[in-house]
Amino acid sequence: MSFFQIHQLAKHYAGKAVFDTLDLTIAEGEFLTLLGPSGCGKSTLLRCMAGLSRPDQGLLRMDGRDITHLPPQQRQIGMVFQSYALFPNMTVAENVGFGLKMQKMALPERTRAVEEILALVELSDKANALPSELSGGQQQRVALARALVVRPRLLLLDEPLSALDARIRRHLREQIRTIQRQLGVTTVFVTHDQEEALTLSDRIVLMHDGRIVQHGSAESLYTRPANRFAAEFIGHFNLLEPDAASRLLRRSCQQTLAIRPESITLVDVGDTSHLGEIVDHQLLGNVIRYRVRCDGVMLKVDALNREAATLLAAGTRVGLHFAEPELCEVA
Ligand SMILES: Nc1ncnc2c1ncn2[C@@H]1O[C@H](COP(=O)(O)OP(=O)(O)OP(=O)(O)O)[C@@H](O)[C@H]1O
């Protein structure tokens, strides 16, 4: 049985639907990511789950219990937002223990719970610091500890990393995933960053205009986009209209074809009848992304960046090999 169920959920603002008849189930212990462009309804969905926003229709069920009309504080749901929203005049320990104090937990028990959770987010040494004395990443870890200390049944994270710089972001996302696994807490993470979604999730739910376009493992979304939107949003697909795809592959293609840059290999000109010319390249660290013109089609082709001496200059004639089983028709 699913742990959290969203059934036929609808939310409107000023008569305009953010989503209508939205269905989604979440398994216990799952790390699920809601991924989609700005304005597609991710935060609204999260706020409905948390009880911060009232849905117009539909049902929310957690562990078999209807929570649709429960106030937020009775839902056993923890939430972390992009802005840390810590109490500026309270220490880290007081911020983290605030929820437990409200629950009237006795001081010795509360102190132990706060110490435990601060150790988990690696902030034991900052217990007596004020939020203003912490970095952005540390403040967000306090916010995470504050959400976790009350042992929520469900943890909702709304773009918790987007205010942080790239290096801290990567470190903190790994930390979040480790802690989530350790505690086994069912988690819904909202992001518009595909890399974040691909690296973190058990399952990704891709949203567009209030609808779920596709859901599945990172691998399946990355290699088998359900439609053109999914192919444009995840990965760096070459999207070829049917006539260009037919010309390139020398077979009849009725649908738009999505080809990942790594599904095309550069080979010797003598080894294939597919010939092209290097237009330019972009260095992506361990990968070089070439633009190659072939049969009037401009293609992105990824090659491993092994040695500077093997870099192919603009104008070089190359052969191309297409990994046919990896090519994907999209509607
Ligand atoms: N309180 C509100 N009043 C009116 N319209 C709203 C309100 N909150 C959200 N919306 C609208 O609902 C739609 C979905 O917004 P939402 O914040 O859920 O999107 P999102 O996918 O989380 O976007 P982002 O990644 O930018 O946060 C948007 O068109 C937004 O303008």
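Me: Why does Glu-159 count as partly exposed?

Reply: This is a predicted model, and in it Glu-159 has 19 C-beta neighbours inside 10 Å.

Me: What makes Gln-8 exposed?

Reply: Gln-8 has 12 other C-beta atoms within 10 Å. The cut-off for exposed is 12 or fewer, so Gln-8 qualifies. Its place is in strand 1 (residues 4–13).

Me: What is there to say about phi of Gln-8 and phi of Glu-159?

Reply: Phi of Gln-8 is near 50 degrees, which is positive in a residue other than glycine. Phi of Glu-159 is near 45 degrees, again a positive value in a non-glycine residue. For background, most residues other than glycine have a negative phi.

Me: What makes strand 6 and strand 10 edge strands?

Reply: Start with the sheet: 6 strands, open, in the order 6-7-8-3-9-10, with mixed pairing. Strand 6 (77–80) and strand 10 (211–216) each have a single partner strand, so one side of each has no neighbour in the sheet. From one strand to the next, the twist averages 20 degrees.

Me: How do you know that strand 6 pairs with strand 7?

Reply: Pairing takes at least two bridges, and 4 bridges join strand 6 to strand 7 (residues 154–158), so they count as a pair. The two run parallel, and Ile-77 stands opposite Leu-154 in strand 7. Helix 4 (residues 136–148) packs on the sheet here, touching strand 6 and strand 7, and its direction makes about 170 degrees with that of strand 6.

Me: Which residues have the most contacts inside the largest nonpolar core?

Reply: That core has 80 residues, and those with the most contacts inside it are Val-96, Ala-145, Leu-156 and Leu-206. Helix 4 gives the most to this core, with 6 residues. The core also draws at least three residues from each of domain 1 (4–233) and domain 2 (238–330). As for Val-96, leaving aside its neighbours within four places in sequence, its contacts include Val-114, Val-142 and Ala-145.

Me: How far apart are the C-alpha centres of domain 1 and domain 2, and how many residues of each are in contact?

Reply: The centres lie 39 Å apart. At the contact, 7 residues of domain 1 meet 6 residues of domain 2. Helix 8 (residues 228–233) supplies the largest share of the domain 1 side, 3 residues. That side divides into 2 nonpolar, 2 polar and 3 charged residues.

Me: What is the pairing in the sheet with the order 13-17-14-15-16?

Reply: That open sheet of 5 strands is antiparallel. Its edge strands, strand 13 (264–267) and strand 16 (297–304), each pair on one side only, and the twist averages 45 degrees from one strand to the next.

Me: How do you know that strand 14 and strand 15 pair?

Reply: Same test: at least two bridges are needed, and 6 join strand 14 (residues 275–283) to strand 15 (residues 287–294), so they pair. They run antiparallel, and Asp-280 stands opposite Arg-291 in strand 15.

How values were computed:
Residues numbered from 1 in each chain as written. Predicted model: local features only at pLDDT ≥ 70, side-chain atom pairs only at ≥ 80, totals over all residues. Axes fitted to C-alpha atoms, helices over the stretch in contact; angles between N-to-C directions. Contact = placed C-beta atoms within 7 Å. Core = buried A, V, L, I, M, F, W, Y, C linked by C-beta atoms within 7 Å. Buried ≥ 20, exposed ≤ 12 C-beta atoms within 10 Å, placed from the backbone. Domains from an automatic or database assignment. Nonpolar A, V, L, I, M, F, W, Y, C, P; charged D, E, K, R; others polar.
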